[in-house]
Amino acid sequence: MRKKGREKRPEEQSRATVKRKHTHFEQFHYNKQTKRLKWVSTETKTVTLKPDPVRNLPVSNNGFEAIRPRTSSFRRHNKRRKRSNCSSSEGSRKWVFSSRDCSNYKDKLVIVSYNILGVENVAKHPDLYLDVPSKYLEWNRRKDLISEEVNRYNASILCFQEVDRFKDLDDLLQKDGFKGVYKARTGDGCDGCALFWKDKIFTLLQEENIEFQDFGLRKNVAQLCVLKINQHQLEPDSCRKRSKITPMQSRSLLVGNIHVLFNPNRGDIKLGQAYKLSQEWGSIPVILVGDFNSVPQSAIYQFLASSELNVQLHDRRRISGQLEYPSQGREIRAQNKYIARRHVWMPLSRQLSYTWSNEELVLATGNEGVTHLRHKLKLFSAYAGIPGSSRTRDSHGEPLATSYHSKFMGTVDYIWHTGELFPVRVLETLPIDTLRRNASLPNERLGSDHLALVCELAFADDLKGA
């Protein structure tokens, strides 16, 4: 892993366009003596770097910066400059817009899904944050960062996972006009899910919680909230006089917030959780968000996206696609290709039929002897619905990484919606190389080991003057 204090090479500071080796395939190696993860490059390709217009550095005739003495004042200045540059890049997530003309769609809402990293989970799993300075793990600091971050998104609905300090969040968000509800995990779990909405925009009509232990599915929970949009609250002031929507036409939607248990060897449990949650939805527009602990190449993802799944075509232990990383790690692109080849996109003629016990089928499908799953909703991924950069997206259109700690980098968080809604814009995630400037998350600017997913959605049948 790169050291944070590494000095930039002179050629990286040149104003001229230069070429350098850019890592395309990386690995981690664990040093038992130092107890650190070491980053190594095993395959590279050459890319062209464009000139940086904001720099105005003295250069020599060969285009490189003149060498200066390494004085203590210079080192302090250089350290501050690097910290500023790193922080700036990590906070510069950009909106990506739909290619369709959305100017005539009036009612829009912004939804955020964010696994905020539970305080107790930090204490229980220190091995995941070996290289994170302790001050970046302190809750008092992280909660302020999280609050400041979500405020920038001008969100209508906030869905948090791994919440074990709900009162702290509630106190902060009430000041910004949010109301919220919380559901803790059952058993000895210390965290849960929290859902907040802007009080001036929505009225809570119904709240329902699912305790998966009632179905033999461990201790996880999910929240279901029916929210009614208060009349004329989503549309701009300039549009309200022209609106022909009457109180009888006011909108409601169902928001589901879920955190599926983390256990990569029991993907059938996750499948049962997702399936049970889908049966609880009504006919109003649905938004389903959360941490699914399943990668985009997994059978869980396939089930949600395609509405059906034959579980016998998948190895029960690998159905989430989220394999435990060995100590040396594996580069996320390579793993995704491996999982995709083996578990999802293999031609049907080459797929194997896996043996599931009756108990496992009951956990996955809810019924003994049932092997085919179907759900009645047609779900769409918000991020996959808006094309993004190859630096941040995989071949499915999903982010390359929404979570990053010492043992994992990949995508497990999603925003799903039904066809009554469509994405207007999504907030792009961070490139892999930007994330790897730190040993893992959280860091100076980000308060969790996950990235928040943010999407603006519009109602498909909503036209001004319609």
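The entries below follow the order in which I looked things up.

**Ground rules.** I am working with a predicted model, in which local features need pLDDT of at least 70 and side-chain atom pairs count only at pLDDT 80 or more, while totals for chains, interfaces and linings use all residues. Residues are numbered from 1 along each chain as its sequence is written, and side-chain values use heavy atoms, with hydrogens and water left out.

**Entry 1, the open sheet.** I took helices (H or I, at least four residues) and strands (E, at least two) as DSSP runs numbered from the N terminus. I called two strands paired if DSSP finds at least two bridges between them. I then traced an open sheet of six strands with mixed pairing, in the order β8-β9-β10-β11-β17-β14. Its edges are β8 (202–211) and β14 (379–381); each has a single partner strand, so one side of each is left without a neighbour in the sheet.

I define axes as lines fitted to C-alpha atoms, for helices over the stretch in contact, with angles from 0 to 180 degrees between N-to-C directions. Contact means heavy atoms within 4.5 Å. On these terms I find helix α8 (residues 299–306) packed on the sheet, where α8 touches β14 and β17 (413–418). The direction of α8 makes about 15° with that of β17.

Within β9, Lys228 is the residue opposite Thr203.

I scored burial by relative accessible area: buried is under 20%, exposed is over 50%, and partly exposed lies in between (1.4 Å probe, protein chains only). For β19, seven of its seven residues are buried. Leu453, Cys455, Leu457 and Phe459 point one way from the strand, and Val454, Glu456 and Ala458 the other way.

I checked two partners of β19. With β4 the pairing is antiparallel over six bridges, and Val110 stands opposite Glu456. With β18 (residues 421–427) the pairing is antiparallel over five bridges, and Phe422 stands opposite Ala458.

I computed the span of α4 (residues 139–152) from first C-alpha to last: its 14 residues reach 20 Å, close to the 20 Å expected. The expected span is 1.5 Å times one less than the number of residues. I listed its buried residues as Trp139, Arg142, Lys143, Leu145, Ile146, Ser147, Glu149 and Val150. As a reminder to myself, an α-helix has 3.6 residues a turn, so residues three or four places apart point the same way. The buried residues of α4 pack against β4 (108–115), α2, α3 (134–137), β5 and α5. Just after α4, I noted a positive phi of about 50° at Asn154.

I counted a salt bridge where a side-chain nitrogen of Lys or Arg is within 4 Å of a carboxyl oxygen of Asp or Glu. The count came to 14.

I looked at Arg165 and Glu120, whose closest N and O atoms are 3.5 Å apart. Arg165 lies in the loop between β5 (157–163) and α5 (166–174) and Glu120 in α2 (residues 119–124), so the pair ties together parts 45 residues apart in sequence. Arg165 is partly exposed at 28%, and Glu120 is partly exposed at 27%.

Next came Glu211 and Lys183, at 2.5 Å from N to O. Glu211 is in β8 and Lys183 in β6 (residues 178–184), so this pair ties together parts 28 residues apart in sequence. I have Glu211 as partly exposed at 23% and Lys183 as buried at 16%.

For Asp461 and Arg251, the closest N and O atoms are 3.2 Å apart. Asp461 sits in the segment after β19 (453–459) and Arg251 in the loop between α6 (237–240) and β10 (252–259), 210 residues apart. Shared partners join Lys106, Asp107, Arg251 and Asp461 into one network of salt bridges. Asp461 is exposed at 57%, whereas Arg251 is buried at 15%.

I searched the whole structure for disulfides (pairs of cysteine sulfur atoms within 2.5 Å) and found zero. For Cys193, the nearest cysteine sulfur is that of Cys159, 8.7 Å away. Cys193 is buried at 1%, and Cys102 is buried at 8%.
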